[in-house]
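Please keep the sequence and the model in view while reading.

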Amino acid sequence: MEAAVKAKPSAKPSGSNPKNILPPWAQWSVNIVFILYSLLCVIPIVLLVMVSFSNEEAVLREGYRFIPTAFDTSAYNFLFEDFRQVARSYGITITVTVVGTVLSMIMVAMYAYPISRRDFPHARFFTFIVFFTMLFGGGLVPWYLVYVQLLHLKDTLWVLIMPLLIPAFWVLVTRTFFATSVPSAVLESARIDGAGEIRIFFQIVMPLSLPVLATVALFQTITYWNDWFLSLVFITKNENVSIQYLMYKTMQNVQYLAQNSQAMQALMQAGAYIRFPAETMRMAMAIVGIGPIVLAYPFFQKYFIKGLTVGAVKG
């Protein structure tokens, strides 16, 4: 009996299965691939920064270089000549992005939660409505008339927020997350303890849904920050335009003056002709347009992958 016990092989600890461990050469290969991919993402941004601080004549003569042959800040000097307008547009964009992202996250969750409940009798109807908006739209003219003549939001900050407030795709993603990842037993237990629907939603469902909410917040932050079309359509006053539209309008004006010989001659005759740093200013505008948005991803990275996969794949 003792010999049989001694001959029995010792059990391997769970989690040490060698089949799940990559050999060293494979781990190095994966690391190298991701390092190269990261460099491919970072190098263009570095090139943008270097060219934006280059001399315009050197760029036209020698092309884009990672190390400028002549350091020059004329692109930023020209861009920030009207610093008050740039600062105001930055404030508009930051306000719209923060308020729009928070409201969008709340509204998406409040719409997705009821249609994810099996005991809600009209869940299919409201799901069909939000899905229908992904397939069909009323067109640009009715869309414009609703916000201008019906809601009277022209030249206000709300017109930069409301059209992007409830994206149908993220409503469906959040609904799937609620239906598959929020335990119904927890909701039923809270209801038995006397909690109402509002308390269940804000104190139980929302804390359990941080992954998908962070995912929605990240994409909505990028959407609001990069939007320039709403300012083009609805804003006529310069004090309410976003930074993206301001950069777009500045670039359009520079290109028009550079390509229109009559306008350039008129400026020369009036003594107001200056050399526009068109190429370097284009890069400087890209850097200014990126702005604080590059700092947004690290705050959502903890929940990003989990929320994107769990909310979109399951179900």
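The structure holds 6 salt bridges, a salt bridge being a side-chain nitrogen of Lys or Arg within 4 Å of a carboxyl oxygen of Asp or Glu. This is a predicted model, in which local features need pLDDT of at least 70 and side-chain atom pairs count only at pLDDT 80 or more, while totals for chains, interfaces and linings use all residues. Residues are numbered from 1 along each chain as its sequence is written, and side-chain values use heavy atoms, with hydrogens and water left out.

**The network around Arg117**

- Salt bridges link Arg117, Asp119, Glu188, Arg191 and Glu197 in a network.
- Arg117 is buried, with a relative accessible area of 13%, where buried means under 20%, exposed over 50% and partly exposed in between, for a 1.4 Å probe and protein chains only.
- Asp119, which is exposed at 54%, pairs with Arg117 in a salt bridge whose closest N and O atoms are 3.0 Å apart.
- Glu197 also forms a salt bridge with Arg117, with 3.2 Å between the closest N and O atoms.
- Because Glu197 lies in helix α10 (residues 197-208) and Arg117 in the loop between α5 (83-116) and α6 (123-135), the pair ties together parts that are 80 residues apart in sequence; helices here are DSSP runs of H or I with at least four residues, numbered from the N terminus.
- Glu197 is partly exposed, with a relative accessible area of 40%.

**The pair Arg65 and Glu62**

- A salt bridge joins the side chains of Arg65 and Glu62 at 3.8 Å, N to O.
- Arg65 is partly exposed at 41% relative accessible area, and Glu62 is partly exposed at 37%.

Definitions and conventions:
Helix = DSSP H or I, 4+ residues; strand = E, 2+ residues; numbered from the N terminus.
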